[in-house]
Amino acid sequence: MFAVIAPEPGGPEALVLTDLPDPVAGPGEVVLDIVAASLNRADLLQRQGFYPPPPGASDVLGMECAGRVRSVGEGVTDWSVGDEACALLSAGGYAEQVAVPVGQLMRVPTGLTLTQAAALPEVAATVWSNVFMIANLQQDETFLVHGGAGGIGTFAIQLAKALGARVLTTAGTAEKQELCLSLGADRAINYHDEDYVQILTEAGGADVILDNMGAKYLDGNVRALATEGRLVIIGMQGGVKGELDISALLRKRGAVIATSLRARPSEEKSAICRGVEEYVWPLVEDGSIRAMVDATFPLAEVAEAHRLMDSGSHTGKIVLLNAER
C-alpha cells in the first residue's frame, strides 16, 4: 500500500509517499480501506519532529480517517467486510489501508459521505472528552474556545451551543469571525484588536476554556476564568513554558488541566468513541453540527495540503482522498 511518512524533520517537502506492506488485522482489530483522512495540527508537529507517535504506533502520519472494512481480526463480531466506518487513530491515516482497534471504530453518521465523516473522529473525540467528560461544561455555562475557525474550534462551537452553553471564541479575521457566528458563537473576538480577557472578565468569566496555544495564553486564560472555572490545555502552538499565577488561580478556585488524546490507552479511546456515538452523532444527524471540510487533496498531494494548513488560511478541516475509491 502507499502511505506518507516523514523520514527527516522539516517542512511539507519532508513528506514522502512510500510503498509499505499491507496491514493485517490482529485480534480485536479491523483493517480499513481508507477513502479519506483528515489533517490535524499534530500532524504538522510530527512532520517537524516535535510530536512522535506513541510507542508501538506506525510512523505513518494521520490520526483520523473513514473508509470501508477490508478484513476483521479474531474476536471481531460487530463489523463485516464492506461496512463503512470512521476511526480515531494513533497513527496511520495517510495511507491506503490501516489496522484499527475495533473500539476506535465508529459508524458513519447517517447522511454523511465518507469524506465528511473523515473530518469528525479526532475533533469530536477531542471536544467531547475534554470539554464535557473532563471539564464538565454544563448548560447555561460560558465556554471560550480559542481559534474558533479551525477544525477543533468549528466543532467545539457547534457542540457547546447545541448542548446549551454560551459560546465565545477568538478568530483572526473578519471572515473567520463571521464563520464562527454562523456556527452558533454568541461572540467572536478578533484577537488582533480586541482583548479577550477584558471581554470575558466583564461578562463574568469563562466557566470552561479550551486552549491549543499553551504558554502564550496561560496568564490570560487564568485571568479570564470565572470562579471555579476550568482551563483545558490541549496544544502548545504558543510555546511550552509559561508562568502560572498561583494566587489568581487560588482566588478563583480554578483548575488547569492538560490532556493529550493521542497517547491514551486504547481502552480509554474506546470509551470516548462510545460517548461520541451516543451523544454527539445524533446532533450531527439532525443537522445541529456540520462536518466542516474546507479543502480536499489527493493523497499524493499531501505536501500541498500541509502548506495550506501551515498558512493558517483555511477554515474547518483539510482532507486527503484516495481517489480510486
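**Reading a parallel sheet and its helix**

Modeller: Six strands form an open sheet in the order S10-S9-S8-S11-S12-S13, with parallel pairing. The model is predicted, so local features need pLDDT of at least 70 and side-chain atom pairs count only at pLDDT 80 or more, whereas totals for chains, interfaces and linings use all residues. Residues are numbered from 1 along each chain as its sequence is written, and side-chain values use heavy atoms, with hydrogens and water left out.

Colleague: Which are the edge strands of this sheet?

Modeller: In general, strands of a sheet pair through backbone hydrogen bonds, either parallel or antiparallel. Two strands count as paired if DSSP finds at least two bridges between them; strands are DSSP runs (E, at least two residues) and helices likewise (H or I, at least four), numbered from the N terminus. Here the edges are S10 (187-190) and S13 (255-258), each of which pairs on one side only. From one strand to the next, the twist averages 15 degrees.

Colleague: How many bridges join S11 to S12?

Modeller: Strand S11 (206-211) pairs with S12 (residues 225-233) in the parallel sense over five bridges. Val208 has Arg230 of S12 as its bridge partner, and Leu210 stands opposite Val232. S11 also pairs with S8 (residues 142-145), again in the parallel sense, over three bridges; there, Val145 stands opposite Leu210.

Colleague: Is Gly204 buried or exposed?

Modeller: Buried means under 20% relative accessible area, exposed over 50%, and partly exposed in between (1.4 Å probe, protein chains only). Gly204 is exposed, at 52%, and lies in the loop between helix H6 (196-202) and S11. S11 itself is mostly covered, with six of its six residues buried. Gly204 and Thr227 are 23 residues apart in sequence, yet 8.6 Å apart in space, C-alpha to C-alpha.

Colleague: Which strands does H3 lie across?

Modeller: Axes are lines fitted to C-alpha atoms, for helices over the stretch in contact, and angles run from 0 to 180 degrees between N-to-C directions. H3 (residues 121-134) lies across S8, S11, S12 and S13, at about 155 degrees to S11. Helix H5 (residues 174-182) lies across S9 (166-171) and S10, running at about 165 degrees to S10.

Colleague: Why is H3 described as largely enclosed by the rest of the structure?

Modeller: Twelve of its 14 residues are buried, so H3 is largely enclosed. Among them are Glu122, Thr126 and Asn130. Just after H3, Asn136 takes a positive phi of about 60 degrees.

Colleague: At what angle do H3 and H9 cross?

Modeller: The axes of H3 and H9 (residues 266-285) come within 10 Å and cross at roughly 90 degrees. The contact (heavy atoms within 4.5 Å) includes Ala124, Trp128 and Met133 of H3 and Ile272, Tyr279 and Trp281 of H9.

Colleague: Which residues touch the most other members of the largest nonpolar core?

Modeller: Such a core is a set of buried Ala, Val, Leu, Ile, Met, Phe, Trp, Tyr and Cys residues joined through side-chain atoms within 4.5 Å. Of its 53 residues, Phe143, Phe155, Leu159 and Trp281 touch the most other members. Leaving aside neighbours within four places in sequence, the contacts of Phe143 include Val131, Val208 and Leu210. Another core, of 32 residues, lies apart from the largest one; Val69, Val100, Ala295 and Val302 are among its members.
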